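Work through the exercises below with the structure open. Each task is followed by its solution.

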Amino acid sequence: MSLLGHTVNSRVLSAQRSHAGSLPVAPRPLAAQPRLIVARGERRSANRSKWATLEPPMPAADQAPLGDAQAQPLSVSEQIWACADDLTPVFSEVDRLVAANVRKVQRAFRDHRIGPHHFAGSTGYGHGDLGREALDAVCAQVMGAEAALMRVQFVSGTHAIASALYAVLRPGDEMLAVAGHPYDTMEEVIGTRGTPGHGSLMEWGVSYRELALGAEGRIDWEALKTAIVPGKTRVAHIQRSCGYALRPTLSIEDIEKAVQIIKAQDPSVVVTVDNCYGEFTDTREPCDVGADLAMGSLIKNPGGTIAPGGGYVAGRADLIGRVAARLYAPGIGIDAGGVSGTTLRTFFQGLFLAPQTTGEALKGGRLVAELLHRLGYVAIPAPGVPEVWSMITAVQLRSREGMQAFCRGIQKTCPIGSYISPEPGVTAGYGDEVIFADGTFIDGSTAELSADGPIREPYVVYCQGGTHWTHWALALEGAITSLNEANARN
Ligand SMILES: Cc1ncc(COP(=O)(O)O)c(C=O)c1O
């Protein structure tokens with residue numbers, strides 16, 4: 001049986017192939033695969049929005065029977081290629097998405113007549129920098145927004161999101177998080193955790209409320225219908241991707257529905273969308289469906305793995321003016337911000353490449369889900385074409401040691417720092433210890449292949465990025481080998 005309309009034959013055929021580093025093997029059928037596990041029902045753990053399945057635990061990787069009783073089990077490499085063969089139709093779906101988004105980005109470049117003169121760059125204030133202005137305009141068009149700031153001065157996604165929130169919220173206002181608890185690094189921005197005196201939103205007199213997720217980790221639509229307090233709720237904040245929560249990524253249709261429900265209660269509420277990891281996973285973006293502001297990082301999807309840093313905020317022109325005043329200073333505004341020509345060129349080129357690199361990451365994620373599922377682990381989204389494309393694939397590894405072993409194996413197969421053994425540790429912005437496998441060219445660039453997660457129940461590693469899915473094939477070989485070694489030791 002295959003989820004993808006493929007018969008088991010393709011898997012058998014793939015097992016006959018000779019793969020790099022492995023000898024040709026005799027054809028042999030695979031045993032029945034473990035049954036599909038879907039995150040059904042929910043069990044909310046004591047801290048934060050973490051969603052565990054109600055399914056019983058499956059056997060660990062080293063116990064999973066792949067291959068029939070008489071035959072030799074398939075090597076890890078063979079299992080990976082068998083998965084890849086079965087994923088051909090899924091990869092083809094991804095290619096269609098990529099093509100639609102390449103068309104969209106190219107059209108924006110054409111409409112704004114992007115040429116080499118836009119790569120000259122600027123210094124100091126950067127007044128009159130044609131390239132920066134054109135980049136903002138291209139970003140706005142691609143994001144379905146009136147205006148945008150795509151700037152190197154944003155340090156990260158958290159910085160872009162914080163800039164947008166501080167731009168809109170004023171003392172006495174309320175911020176409502178619509179899709180459960182926001183990403184970990186937002187806690188210090190909002191003020192639910194952090195250092196007193198650092199000026200969180202709550203310290204500035206903004207109140208904060210959170211709408212808990214409903215069934216299956218989705219937005220609680222019934223609760224949302226009455227959640228807005230007109231005149232008080234100023235921002236309704238929606239996080240598109242799962243972040244470090246074991247919940248599904250929101251679809252653009254979900255975001256559209258949420259915007260409509262929110263605006264029906266009070267049209268003046270500003271809907272902000274944390275779009276980190278969401279860009280180019282659909283053909284529409286949050287501002288296309290009515291969001292007022294969308295924010296993200298250029299070392300994630302829209303930087304195409306080559307932007308050396310930066311972030312963006314796109315949305316309503318009046319609000320983008322406020323965000324610029326917050327990012328720089330009131331009075332300096334949108335027309336400043338020096339940026340070197342080298343950086344500008346990588347921003348343009350990265351944005352053009354972004355649909356493709358996002359597509360590679362989506363394929364890598366499907367490979368992760370397919371393989372880990374066959375080995376008996378819970379992967380979200382589950383194998384196959386997901387309901388919503390997600391840049392992040394969560395894998396429940398059930399223990400700290402499992403997370404460490406997985407990340408160790410990934411790191412070994414990264415181009416940079418392959419000699420490093422990742423350990424859980426304290427990281428700025430995070431409340432829990434976090435482990436990162438990210439042997440990337442650009443520091444912290446999770447658009448390049450990466451796997452990371454907070455060390456807390458239910459011990460989930462979040463896999464994302466990858467400039468090419470075949471790197472995931474290699475990385476998974478490292479991760480599963482490392483997991484098997486750890487399981488054998490315990
Ligand atoms: C959904 C989401 N929002 C925000 C962030 C924070 O982004 P950054 O690490 O660039 O600050 C992340 C990071 O992974 C995320 O997953």
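**Exercise 1.** Find what covers the buried residues of α9.

Solution. Start with helix α9, residues 317-327; helices are DSSP runs of H or I with at least four residues, strands are E runs of at least two, and both are numbered from the N terminus. Its buried residues are Leu319, Ile320, Arg322, Val323, Ala324 and Leu327. Buried is defined as 20 or more other C-beta atoms within 10 Å of the residue's own, with C-beta atoms placed from the backbone. The cover over these residues includes the strands β3 (147-151), β7 (270-274), β8 (293-297) and β9 (311-315), together with α5 (157-168).

The model is predicted: local features need pLDDT of at least 70 and side-chain atom pairs pLDDT 80 or more, while totals for chains, interfaces and linings use all residues. Residue numbers start from 1 along each chain as its sequence is written.

**Exercise 2.** Give the strand order of the open sheet formed by five strands.

Solution. The order is β10-β11-β14-β13-β12, with antiparallel pairing; a pair needs at least two DSSP bridges between the strands. Ser450 stands opposite Gln464 of β14.

**Exercise 3.** List the residues around the ligand and sort their shell by type.

Solution. The shell divides into eight polar, three nonpolar and one charged. Ala, Val, Leu, Ile, Met, Phe, Trp, Tyr, Cys and Pro count as nonpolar, Asp, Glu, Lys and Arg as charged, and the others, Gly among them, as polar.

Technical notes. Buried ≥ 20, exposed ≤ 12 C-beta atoms within 10 Å, placed from the backbone. Contact = placed C-beta atoms within 7 Å.
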